[in-house]
Amino acid sequence: MTTGSLALAASPPHGSRRRGFVERTALPGFGLTFGFTLAWLCLIVLIPLSAVFIRTAGMGWSEFVAVALSERALSAYKVSFGTAFAAACVNGIFGLLIAWVLVRHDFAGKRIVSALVDLPFALPTAVAGIALTALYAGNGWLGQFLVPLGIDVAFTPLGIVVALIFIGLPFVVRSVEPVLADIGPEIEEAAQSLGASRLQTMRRVILPAILPAWLTGFAMALARGVGEYGSVIFIAGNMPFRSEIAPLLIVTQLEQYDYAGATAIAAVMLVISFALLLLINLLQAWARSRSID
Amino acid sequence: MAAGRTSEGRIARAALLSVAMVFLALFLLLPLVSVFVEALKGGVGVYVESVTQPDAIAAIKLTLLVAAIAVPVNVAFGLAAAWAIAKFDFPGKSILITFIDLPFSVSPVVSGLIYVLLFGAQGWFGEWLAANDVDIIFAVPGIVLATIFVTFPFVARELIPLMTEQGRGDEEAAVSLGASGWQAFWHVTLPNIRWGLLYGVLLCNARAMGEFGAVSVVSGHIRGRTNTMPLHVEILYNEYNFAAAFAVASLLALLALLTLVLKSALEWRYGYHGKGGGH
């Protein structure tokens with residue numbers, strides 16, 4: 001289960017009745033742990049994040065539009081969102097295929113392959129960034145074949161897509177895997193014994209069942225890709241209007257001590273992140289309502 | 001079992017498997033292998049020199065220090081949050097969990113920026129900090145704060161579903177038999193959640209040691225002082241000192257491999273599967 005935290009936590013552990021804020025139980029420690037959780041959450045996460053919006057609100061609308069929606073900023077959002085979307089699409093297809101193979105096929109070294117899928121969660125992004133750049137540069141292992149074919153990956157938007165494919169792949173695989181495992185081959189066999197063709201089984205039985213989890217994985221990969229920085233900046237080339245991502249523009253503004261510019265762009269990025277988070281939560285709720293049926 | 005698990009024909013099976021493996025080899029395995037090959041390109045001597053040079057040692061020490069602070073802090077928070085959320089029922093629980101998850105959806109660069117807005121020279125507390133001679137931004141405290149932020153949900157989000165699943169019956173029994181809340185936690189809860197806790201700590205530590213974007217914004221990149229290992233890799237790389245950059249990077253790649261091995265061992269040996277989803 002990758003997505004169960006909300007569902008599980010939303011229901012009470014026992015059927016006891018609530019009086020006042022928290023329901024009565026013999027167990028001590030609620031006040032202490034709840035108070036600490038809330039205080040630490042406010043100090044580390046909520047107050048610092050609110051600083052972005054409070055600073056932005058102090059700017060005035062025309063100044064905000066001038067910096068957050070400048071030509072350069074707009075093209076940076078477009079690069080970030082476009083490359084993240086492209087990478088999420090690639091991961092949607094190949095992540096599903098890899099999840100399928102891991103769930104339904106038995107082969108030598110399967111455990112190692114499964115562990116490898118989580119590599120992007122464990123490998124620091126900067127390491128991934130320089131490794132991918134070395135691979136796709138003109139003299140790199142892959143670049144030496146691709147560049148003569150006219151396929152420039154390093155220092156182009158295509159390089160950004162490659163980095164985001166690396167970063168996002170496990171989100172799709174790990175979202176789809178448990179749902180695929182739940183379906184089991186029996187259901188496919190049942191569909192086929194009732195006369196469904198292989199394609200019909202795929203289209204009418206399997207895809208609808210995994211759709212919410214698949215879309216959740218897609219949205220998570222997209223969300224991660226839009227904000228990604230470390231793995232991208234080495235391979236991107238970072239040309240304004242062409243291969244400059246929004247997070248890099250924030251860093252550039254900060255380096256020029258343009259705090260207002262950096263903050264305004266950060267506010268736009270945060271709104272996009274929160275919208276994607278909301279979408280992911282809705283998708284997870286949908287996935288859960290499916291799995292309970 | 002190989003034949004009975006799927007309805008595809010043999011050729012289709014082989015084709016699907018091959019495409020999946022080629023994709024994984026190209027996009028995941030090749031970058032990993034290339035780190036080690038590039039690191040050893042200049043020979044073992046250059047490698048050893050790159051990772052033992054004073055700036056590299058300082059970066060390694062700082063990375064270990066930051067993780068040694070950030071991980072225990074997040075363990076304490078994760079245990080407290082999971083105890084309150086999983087063992088008790090109160091309104092607004094889902095919102096609280098969403099807030100705990102927030103750092104996962106924030107761009108690393110923005111995660112660093114928020115602390116600059118608070119503690120930087122032009123930040124809310126900047127003047128006061130300068131007057132009292134306290135350095136947070138472009139200093140170690142800022143790096144620690146940014147790292148705590150980006151790793152904030154790891155332990156909590158692993159423990160909350162696990163402890164919710166386990167309910168509170170065991171702890172209630174212990175308390176009704178005369179145990180204190182602390183004893184119930186120590187002798188009943190902790191043994192029940194140890195694999196989940198370890199799992200959360202592993203992923204939290206990997207991210208804490210490897211974080212780049214957030215740390216890069218608050219660090220100031222002062223060599224030997226505020227450079228963590230990933231930042232040191234960037235500096236070496238930007239100086240075209242590729243062998244040294246990849247040598248330091250290979251240490252981080254080894255950390256990633258160790259994380260994956262331990263994580264897989266937890267999954268195979270103890271049947272523990274992550275509840276929080278990785279990030």
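Residues are numbered from 1 along each chain as its sequence is written, and chains are lettered from A, with ligands numbered from 1, in the order in which they are written. Local features need pLDDT of at least 70 and side-chain atom pairs count only at pLDDT 80 or more, while totals for chains, interfaces and linings use all residues.

Me: What ipTM does the predictor give the complex?
Reply: Per residue, confidence is stated as pLDDT, which runs from 0 to 100. The mean pLDDT is 90 for chain A and 92 for chain B. For the complex, the predictor reports a pTM of 0.92 and an ipTM of 0.93.

Me: Which element of chain A has the lowest mean pLDDT?
Reply: Helices here are DSSP runs of H or I with at least four residues, strands are runs of E with at least two, and both are numbered from the N terminus. In chain A, pLDDT stays under 50 over residues 1–16. Where pLDDT is low, the predicted coordinates should not be read in detail. The highest mean among the elements of chain A, 97, belongs to helix 7, and the lowest, 42, to helix 1 (residues 5–10).

Me: How many helices does chain A have?
Reply: From the N terminus on, the elements of chain A run α-α-α-α-α-α-α-α-α-α-α-α-α. The C-alpha trace of chain A spans about 65 × 60 × 30 Å along its principal axes. Chain A has zero strands, and its helices number 13.

Me: What percentage of the residues in chain A is buried?
Reply: A residue is buried if 20 or more other C-beta atoms lie within 10 Å of its own, exposed if 12 or fewer, and partly exposed in between, with C-beta atoms placed from the backbone. Chain A has 293 residues, and the buried share is 46%.

Me: Which helix of chain B gives the largest share of the side that touches chain A?
Reply: Two residues are in contact if their C-beta atoms, placed from the backbone, lie within 7 Å. By that rule, 94 residues of chain A are in contact with 95 residues of chain B. The largest share of the chain B side is 16 residues, and it comes from helix 1 (residues 10–40).

Me: How many residues on the side of chain B that touches chain A are nonpolar?
Reply: Ala, Val, Leu, Ile, Met, Phe, Trp, Tyr, Cys and Pro count as nonpolar, Asp, Glu, Lys and Arg as charged, and the others, Gly among them, as polar. On this side of chain B there are 14 charged and 20 polar residues, and the nonpolar number is 61.

Me: At what angle do helix 7 of chain A and helix 1 of chain B cross?
Reply: Axes are lines fitted to C-alpha atoms, for helices over the stretch in contact, and angles run from 0 to 180 degrees between N-to-C directions. Angles under 35 degrees count as roughly parallel, over 145 as roughly antiparallel, 65 to 115 as roughly perpendicular and the rest as oblique. The two helices are therefore roughly perpendicular to each other. Their axes come within 9 Å, and the crossing angle is roughly 85°.

Me: How far apart are the centres of domain 1 and domain 2 of chain B?
Reply: Domain bounds come from an automatic or database domain assignment. For chain B this gives domain 1 (1–40) and domain 2 (43–269). Taken over C-alpha atoms, their centres are separated by 32 Å.

Me: Is B:Phe138 buried, partly exposed or exposed?
Reply: B:Phe138 lies in the loop between helix 6 (126–131) and helix 7 (140–150) of chain B. Its phi is near 60°, a positive value in a residue other than glycine. Because B:Phe138 has 18 C-beta neighbours inside 10 Å, it counts as partly exposed.

Me: How far is B:Phe138 from B:Arg225 in space, C-alpha to C-alpha?
Reply: Leaving aside neighbours within four places in sequence, B:Phe138 is in contact with B:Ser219, B:Gly220, B:Ile222 and B:Thr226. B:Phe138 and B:Arg225 are 87 residues apart in sequence, and their C-alpha distance is 9.5 Å.

Note on methods:
pLDDT is the predictor's confidence in each residue, from 0 to 100.
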